[in-house]
Amino acid sequence: MPRLDHNRALRESPQQGDWAAVLASDPFGSEDALFFRLHELGYRGITNWPSAILLEGNLRQSMSTIPASPAFEYDFLARAKAAGFDTLAFFLSLDQARQALRAGNGQLVLHPGLLSIEDTESGTLVLKSLQTLIDTLRSEDDRARIFAYSSAWHEQLMALKTLSVDGIIWNEAKP
């Protein structure tokens with residue numbers, strides 16, 4: 001859950017790259033106004049980050065009164081695409097990836113999840129599972145472009161950069 005009005009901070013800050021990471025389930029402001037402002041700032045793409053893909057248990061239940069769901073985010077990204085943006089859809093599961101593809105989002109970002117890797121063997125099993133998910137998606141839709149989300153922290157746990165994907169979306173923490 002963002003600790004501030006994420007999208008307002010995005011709208012009020014100078015452009016910081018080509019892609020805007022948008023909280024799609026933002027209950028404040030208008031979607032049209034957000035798209036207009038992001039165009040004005042010069043962004044060419046939008047992604048659903050922070051994302052509802054990681055909501056579980058009590059937090060998912062408490063967020064159920066606002067449209068905080070992967071399906072809502074994928075529809076939001078489809079509307080962003082219709083407004084002239086490129087889109088990247090974060091997903092965590094095969095079902096979420098299929099929802100994103102059905103909504104018209106052909107560029108997907110596999111988030112490995114909130115990992116609890118204890119040793120090399122369990123890291124290898126998780127990597128194999130993620131690669132199987134990627135391979136399944138490719139067999140179902142060979143037009144989909146699939147990227148993997150990683151960071152220095154993730155790479156310490158397991159080498160996500162070894163996955164057979166179209167590229168890596170790297171999260172670099174700023175000091």
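**Figure 1. Strands S1 and S2 in the predicted model.** In this predicted model, S1 and S2 run parallel and are joined by four bridges.

**Figure 2. Strands S2 and S3.** S2 is also joined to strand S3, residues 86-91, by three bridges, and these two strands run parallel. Threonine 47 has leucine 88 as its bridge partner in S3.

**Figure 3. The two faces of S2.** In a regular strand, side chains alternate between the two faces of the sheet. Which residues of S2 lie on each side? Gly45 and Thr47 are on one side, and Ile46 and Asn48 are on the other. All four are buried, so both faces of S2 are covered.

**Figure 4. The salt bridge between aspartate 18 and arginine 44.** Side chains of opposite charge can pair when their charged atoms come close. The structure holds seven salt bridges. In one of them, the side chains of aspartate 18 and arginine 44 meet with an N to O distance of 3.8 Å. The pair links distant parts of the chain, 26 residues apart. Aspartate 18 sits in the loop between helix H1 (6-12) and strand S1 (19-22), while arginine 44 sits in the loop between helix H2 (31-41) and strand S2 (45-48). Aspartate 18 is partly exposed because its relative accessibility is 41%, and arginine 44 is partly exposed at 40%. Asp18 and Arg44 also belong to a network of salt bridges that includes Asp86.

**Figure 5. The salt bridge between glutamate 31 and arginine 79.** The side chains of these two residues, glutamate 31 and arginine 79, meet in a salt bridge of 2.7 Å, N to O. Which helices does the pair link? Glutamate 31 is in helix H2 and arginine 79 is in helix H4 (residues 70-82), 48 residues apart. Glutamate 31 has a relative accessibility of 25%, so it counts as partly exposed. Arginine 79 is partly exposed as well, with a relative accessible area of 34%.

**Figure 6. The salt bridge between arginine 138 and aspartate 166.** Here the side chains of arginine 138 and aspartate 166 meet in a salt bridge, at 3.4 Å from N to O. Arginine 138 lies in helix H6 (residues 120-140), and aspartate 166 lies in the loop between helix H7 (152-157) and strand S6 (167-171), so the pair ties together parts that are 28 residues apart in sequence. Are the two residues buried or partly exposed? Arginine 138 is partly exposed, with a relative accessible area of 26%, and aspartate 166 is partly exposed at 38%.

Note on methods. Residues are numbered from 1 along each chain as its sequence is written. This is a predicted model: local features need pLDDT of at least 70, side-chain atom pairs count only at pLDDT 80 or more; totals for chains, interfaces and linings use all residues. Side-chain values use heavy atoms; hydrogens and water are left out. A salt bridge is a side-chain nitrogen of Lys or Arg within 4 Å of a carboxyl oxygen of Asp or Glu. Buried means under 20% relative accessible area, exposed over 50%, partly exposed in between (1.4 Å probe, protein chains only). Two strands pair if DSSP finds at least two bridges between them.
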